Amino acid sequence: MVYSQDPQNQVDAVVLGAGFSGLYMLYRLREAGLSTRVFEAADGVGGVWYWNRYPGARCDSESVYYNYTFSEELFKEWSWSSRYPEQPEILRYLNYVADKFELKPDITFNTRVMSAVYDEASNRWQVETDTGETVSAKYFITGIGCISSANVPNIKGLNDFEGQAYHTGHWPHEKVDFTGKRVGVIGTGSSGIQSIPVIAKEAAHLTVFQRTPQYSVPAQNYTYTKEFVEEVKDNYSEIRRQMQETVAGLRFEFGEQSVLDDSPEVRRQKLQEGWEKGGWEILFTYNDLLANEEGNELVAAFIREKIQEIVDDPETANKLTPDHFYGTKRAIVDTDYFETYNRDNVRLVDVKASPIEAITPKGIRTEDNEYELDAIVFATGFDGMTGSLFKIDIRGKNGVTLKEKWENGAQTRTYLGLTTAGFPNMFMLTGPESPSVLGNMPATIEQHVEWVSDCINHLRENKVDIFEAESQAEEEWSAHCKELADATLYTKTDSWYTGANIAGKARGFPIYVGGYGAYREICDDVAANGYKGFSFK
Ligand code: N01
């Protein structure tokens, strides 16, 4: 590689991605006086909210918390329309933020970073893009999201289909019109469950290809009143404080009791109330839902009963009824998902019982049938946590790639989920082994960005050239993450959290399950103690 000597291409920091994390990281670095380049593969800001434009896409953390809180002015300027607004509104918000803080001039759009190589002689990162540009930076920061590498399963005949095919995570910008069409949706995770009711209303006929049934509870979405929005704004400081301290970066904690502490009658009443309030209420009703098999089963049984009540056809209801531990696959909230199966134009195909054999020119062939389709929607998810990092050729000391160091995901090792030994001056926003996807993402992102920018300020003030996680600290952190995860039910279920959704991917649970508030305290403590666990040169 020819290293960049061009002063134009020598910057203090390179940041990857212009979603929630990249935008705020750029803001903070610029405030601190660092020259910064952000590279973004899309032609606009937004990250996952740029790409995930499928019908029905919306957030499932309440919008008044699903936003930045670092700027009181911004918080008070923006008003959300509803509890769970749709993707266009969230994308408008992120564009508003980028425009307000004049971030776009420092973002290079339509440009994908292909490699980032640490040069030990100069102690700088050499970053190469798909447009042939090389930039040299002191700090290399990834803000590429945890679920941004789309998974299109390797099904025979994938390219033979003569109709239209879409992936929910790469949806076209123009409206896709399913009117009069026979549509097939593969996948019933959050994306499938959000899009199925909307597509069913438009399409002539919808066939859902389900491999694993999912628990889902009603979102109970509603339009915010002006009074509520004003009240939220008046409580800005309190909301920011609460979000920083709670287990998931929202305003509430898990309930104080075990599932087993309540009598069946009281438990039922609480779960019914949770169902009616919607969203995350049921998931947070008890303190041990995700650790106690017997308790989890009681809550899961309540949701299974609801599915049986809602869905008219008993055979369809049975196929839709899950048997894994509730919440161990990402919990889902929906609008009329199970009700959709009562429509005459919707059918459910169980592809665990009769697996998909091939995509054919005319549709999808399973072991026992062929389904003619005009369009196929792949709601088949993502290569989560490590997928996007591994797509980039990231090389640390001695030319070792991140993929090699982490043994292709079999041995993910980080310190605090922010850094990894052998990769000096590199930071991962919402990286593996941080709380990331188990919390309200904007809150977890703000904490990471603030920690990283404070850290960089500290390094500059103290004229530190090389900042690197120590192997011992990293070993301990990764072991701690594993120990916490193994004490939960998460690891007992196949999910994208564990890597089970990707053929051949190593299994693990590279997410910190100890809670966002506790994690923040740990990170603050590390900083307050002179960044213990890191080496400085
Ligand atoms: O992806 P998923 P997603 N044949 O992996 C099935 C976030 N998100 O895009 O369970 C047949 O959850 C797969 O089956 P199985 C959120 O964190 C948030 O829906 O592996 N089926 C599953 O049913 C979420 O968790 C929002 O057996 C195949 C589905 O495809 C994460 O993104 C909205 C298959 C994939 O579900 C991912 O959600 C949307 C195959 N070969 C997403 N391969 C919000 O609300 C896979 N499947 C904010």
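β13 and β14 form a hairpin with 3 residues between them. Strands here are DSSP runs of E with at least two residues, helices are runs of H or I with at least four, and both are numbered from the N terminus. The model is predicted, so local features need pLDDT of at least 70 and side-chain atom pairs count only at pLDDT 80 or more, while totals for chains, interfaces and linings use all residues. Residues are numbered from 1 along each chain as its sequence is written, and side-chain values use heavy atoms, without hydrogens or water.

In β14, R365 is the bridge partner of A358.

Put together, 3 strands make an open, antiparallel sheet in the order β13-β14-β15. β13 (356-359) and β15 (369-372) are the edges; each has a single partner strand, so one side of each lacks a neighbour in the sheet. From one strand to the next, the twist averages 20°.

Now the helices. The axes of α7 (residues 236-245) and α16 (residues 516-528) come within 6 Å and cross at roughly 85°. Axes are lines fitted to C-alpha atoms, for helices over the stretch in contact, with angles from 0 to 180 degrees between N-to-C directions. α7 is therefore roughly perpendicular to α16, a label that covers 65 to 115 degrees. M243, Q244 and E245 of α7 meet Y516, G517 and R520 of α16, where contact means heavy atoms within 4.5 Å. These residues divide into 2 nonpolar, 2 polar and 2 charged.

Last stop: S216, in strand β10 (residues 216-218). Is S216 buried or exposed? S216 is buried, because its relative accessible area is 0%; the buried class ends at 20%, using a 1.4 Å probe and protein chains only. Leaving out residues up to four places away in sequence, S216 touches I193, W275, I303, I332, V333, D334 and F338.

How values were computed
Two strands pair if DSSP finds at least two bridges between them. Angles under 35 degrees count as roughly parallel, over 145 as roughly antiparallel, 65 to 115 as roughly perpendicular and the rest as oblique. Ala, Val, Leu, Ile, Met, Phe, Trp, Tyr, Cys and Pro count as nonpolar, Asp, Glu, Lys and Arg as charged, and the others, Gly among them, as polar. Buried means under 20% relative accessible area, exposed over 50%, partly exposed in between (1.4 Å probe, protein chains only).
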